[in-house]
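This briefing is intended to be read alongside the sequence and the coordinates. Please keep both at hand while following the points below.

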Amino acid sequence: MYRFSICIFTLQKLYCYQKNLMDTIFINEKEILERYKSVQAKAHKGTQGHALIIGGSYGKIGAIVLASKSCLKSGCGLVTAFIPKCGYEILQTSFPEAMVMTDSTEKHIAAIEFDLEPDAIAIGMGMGQEKETQKAFLQFLKSNKKPLLIDADGINIISKNQEWFDHVPEKTILTPHLKELQRLLGGWESEDEKIEKAVEFSLSKKIIIVVKGAPTMIVAGHTVYKNATGNQALATAGSGDTLSGIITSFLAQGYEPVDAAILGVYIHGLTADIASKVMGYEAFIASDIIENLGKAFLSLRP
Ligand SMILES: NC(=O)C1=CN([C@@H]2O[C@H](COP(=O)(O)OP(=O)(O)OC[C@H]3O[C@@H](n4cnc5c(N)ncnc54)[C@H](OP(=O)(O)O)[C@@H]3O)[C@@H](O)[C@H]2O)[C@@H](O)CC1
Ligand SMILES: Nc1ncnc2c1ncn2[C@@H]1O[C@H](COP(=O)(O)OP(=O)(O)O)[C@@H](O)[C@H]1O
Ligand SMILES: [Mg+2]
């Protein structure tokens, strides 16, 4: 029996490591237009989806401002932000279109309690890793059944507690940058090994991994989608927080998680391609991603 298990395990490993079984799809405009659905004439905010964005901590409320704003600016009908108390006025003032719920703790999240039924949830941006926050994150994972995206400190926390993946819904999207990916997977020795490890992890946890970088790859089991948009203008604080908001918007609008990730990464990159032609790379900041979302969506129209 023991020998038999070893044999199965080795075969599984071989299967995952065989590069020719990894299907790579290049995401171009054609792939996007096959997935993208514009807003219906009779839509209203109630039909466009409600996203809940959870995160932020003292000094990092900006991450939630950026994620909430990019979310609503990508077609979602309603956005609620769940943040520590200290972020209430910041969010209400800088982005009045968002609704805000606060934790009872001042500077970090200590209990994630809300009385609404969102269509999708993003968690982790600017959230920090306080003990109480980690506990609240676990409680949240245990109770949540909604489509989910985990970014930043959410990834950092779950990387150290990988048994918590038992509570993560299938097709949850993780959006690690390189350092976060290292924390999640351990190291790698080559670019190929990095993607092979991501494929293996995606298969074993049944999740989608957005491997952020230049270019960004979306790993969904054996299929790896390679994005074609984006440039070095995106090498700026908050550009990942903004990406989380955009992908969550598509999730809340009812897109399949893999399509939400593909569309989100493409549109996010497109804003930088459009804006850098007129403003260069240096002056581009995360708010310019949000500013250029309109032009990016317009460019998808035939
Ligand atoms: N305005 C706000 O509120 C903002 C809030 N934010 C929030 O802050 C929290 C901490 O997030 P964080 O990503 O800065 O910290 P952390 O994971 O330790 O990574 C730092 C190290 O990782 C590396 N590295 C990073 N990115 C890389 C990349 N793309 N590609 C390659 N390497 C990369 C790099 O390491 P190095 O390469 O220098 O060794 C770097 O020194 C998080 O919750 C986030 O949401 C931010 O979004 C900013 C705006
Ligand atoms: N040189 C680059 N070319 C293309 N995309 C980039 C480049 N540098 C950064 N990005 C993109 O910017 C985002 C950075 O995410 P992240 O590091 O999480 O930012 P933050 O946490 O500050 O919001 C990712 O989507 C990444 O792919
Ligand atoms: Mg980030």
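**Helix α3 and the overall fold**

Helix α3 (residues 62–72) is mostly covered, with 11 of its 11 residues buried; a residue is buried if 20 or more other C-beta atoms lie within 10 Å of its own, exposed if 12 or fewer, and partly exposed in between, with C-beta atoms placed from the backbone. Helices (H or I, at least four residues) and strands (E, at least two) are DSSP runs, numbered from the N terminus. This is a predicted model, in which local features need pLDDT of at least 70 and side-chain atom pairs count only at pLDDT 80 or more, while totals for chains, interfaces and linings use all residues. Residues are numbered from 1 along each chain as its sequence is written, and chains are lettered from A and ligands numbered from 1 in the order in which they are written.

**Architecture**

- The protein contains 12 helices and 10 strands. Its radius of gyration, taken over C-alpha atoms, is 19 Å, close to the 19 Å that the globule rule gives for 302 residues, so the protein is as compact as a globular protein of that length. The globule rule is 2.2 Å times the number of residues to the power 0.38.
- The C-alpha trace spans about 65 × 45 × 40 Å along its principal axes.
- Of the 302 residues, 48% are buried.
- Two residues are in contact if their C-beta atoms, placed from the backbone, lie within 7 Å. Among contacts between residues at least 6 apart in sequence, 70% join residues at least 24 apart.
- The buried residues of α3 include G62, I64, K69 and L72.

**Surroundings of ligand 1**

- A residue is near a molecule or strand if its C-beta atom, placed from the backbone, lies within 6 Å of it. Ligand 1 is surrounded by 17 residues, of which G62, A152, H177, L178 and K179 are the closest. The elements giving two or more residues to this shell are α3, α6, α7 (178–185) and α9.
- Helix α7 gives the most to the shell around ligand 1, namely three residues.
- By class, the shell around ligand 1 has six nonpolar, five polar and six charged residues. Ala, Val, Leu, Ile, Met, Phe, Trp, Tyr, Cys and Pro count as nonpolar, Asp, Glu, Lys and Arg as charged, and the others, Gly among them, as polar.

**Annotated binding site**

- An unreviewed UniProt entry places the feature "binding site" at K212, G213, A214, P215, T216 and G240. These positions are spread over 29 residues of sequence but cluster in space, the largest C-alpha distance being 13.6 Å. UniProt positions are given in the numbering used here, feature names are shortened, and annotations may be inferred rather than shown by experiment.
- T216 lies in the loop between β8 and β9 and counts as buried because it has 25 C-beta neighbours inside 10 Å. Not counting residues up to four places away in sequence, T216 touches V210, V211, N227, G230 and V265.
- G240 belongs to helix α9 and is buried, with 24 other C-beta atoms within 10 Å. Leaving aside neighbours within four places in sequence, G240 is in contact with D151, T175, H177 and K212.

**Backbone geometry**

- The peptide bond from A214 to P215 is cis, with omega near 5 degrees. P215 is placed in the loop between β8 (208–211) and β9 (217–220).
- K171, which is not a glycine, has a positive phi near 70 degrees. K171 is in the loop between α6 (152–160) and β7 (173–174) and counts as partly exposed because it has 18 C-beta neighbours inside 10 Å.
- K206, also a residue other than glycine, has a positive phi of about 60 degrees. K206 occupies the loop between α8 (191–205) and β8, and its 14 C-beta neighbours inside 10 Å make it partly exposed.

**Packing around L263**

- L263 is part of helix α10 (residues 257–279) and counts as buried, with 24 C-beta neighbours inside 10 Å.
- Leaving aside neighbours within four places in sequence, L263 is in contact with I32, R35, Y36, F250 and Y255.
- The C-alpha atoms of L263 and I246 are separated by 8.7 Å, and the two residues are 17 residues apart along the chain.
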